Amino acid sequence: EGAGEGEEEESPLNEDVVVLHERWRTQVNSPHILPYDAETVAEVMDTLRRQEANLDQAMELDQSGSTELYETMVYYRMDLARVKYALQRYLRTRLLKIEANLASIMADEVLQSHLSPAEADYAARLHELTTEHIEGAVFGDSLRALADLRPSPPARRARYVFARAVRDVERFEFDPGEVDTLAKGEVWVLRYERAKPLLLKGLLELL
């Protein structure tokens, strides 16, 4: 009975891990920063807080020293650790993407709109520090004019990506004049620039 109850309560955490893995995988394979999934992150953090509070309360109330309860608590904490890792991996990947494409992001309002408030603050501070370092420590006063950071070369978007349809797409233009349907679950090799509009709408995920 105890194991059955554990399996039922575990499913939300498993779903969180699956969603975060999909978001992470798509971000890793995208050449630019994608919109921040605030809803998923907020839900995961809320779930973690509630589950950890429940575990702490259960341990405080139990005075039996039950080995079975201890093993159950260990199991749940391992599950929570998996969710934390998935969340941290998603957020860390986005920070690395921001750092690698900082100048381009700061020069593009659309890309800036893809950042969370915390990411936007981080990017602005990092850009300011980088600019000050180049102007002062590297070039000096006589060459400040050269310290204007030019946007880094745009991410390569002519490349091909593996994409899976999250939902049915009735009309998709593979190339000019070549229109077909995408069925949910189908995997295609597509030009990134063609896949990008559906990617931003959440209709595709990258593999």
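Which residues of helix H7 (residues 192-200) are buried? They are Tyr-192, Ala-195, Lys-196, Leu-198 and Leu-199. Buried means under 20% relative accessible area, exposed over 50%, and partly exposed in between, with a 1.4 Å probe and protein chains only. Helices (H or I, at least four residues) and strands (E, at least two) are DSSP runs, numbered from the N terminus. An α-helix has 3.6 residues a turn, so residues three or four places apart point the same way. Gly-202 follows H7 and has a positive phi, near 80 degrees.

The model is predicted: local features need pLDDT of at least 70, side-chain atom pairs count only at pLDDT 80 or more, and totals for chains, interfaces and linings use all residues. Residues are numbered from 1 along each chain as its sequence is written, and side-chain values use heavy atoms, with hydrogens and water left out.

Three strands form an open sheet in the order E4-E1-E5, with antiparallel pairing. Two strands pair if DSSP finds at least two bridges between them. Strand E4 (187-191) and strand E5 (204-206) each have a single partner strand, so one side of each lacks a neighbour in the sheet. Three bridges connect strand E1 (residues 160-165) with E5. Ala-163 has Leu-206 of E5 as its bridge partner.

Strand E2 (residues 169-175) and strand E3 (residues 178-182) also run antiparallel, joined by four bridges. They form a hairpin with two residues between them. In its turn, Gly-177 has a positive phi of about 85 degrees. Val-169 has Leu-182 of E3 as its bridge partner. Leu-182 is buried, at 1% relative accessible area. Contact means heavy atoms within 4.5 Å. Beyond four places away in sequence, Leu-182 touches several residues, including Phe-172, Trp-188, Leu-198 and Leu-204.

The whole structure holds ten salt bridges. A salt bridge is a side-chain nitrogen of Lys or Arg within 4 Å of a carboxyl oxygen of Asp or Glu. One of them joins Asp-37 and Arg-23 (2.4 Å, N to O). Asp-37 lies in the loop between helix H1 (2-29) and helix H2 (38-61), and Arg-23 lies in H1, so the pair ties together parts 14 residues apart in sequence. Asp-37 is buried at 14% relative accessibility, whereas Arg-23 is partly exposed at 34%.

Lys-84 pairs with Glu-52 in another salt bridge, with the closest N and O atoms 2.5 Å apart. Lys-84 is in helix H3 (residues 67-100) and Glu-52 in helix H2, 32 residues apart.
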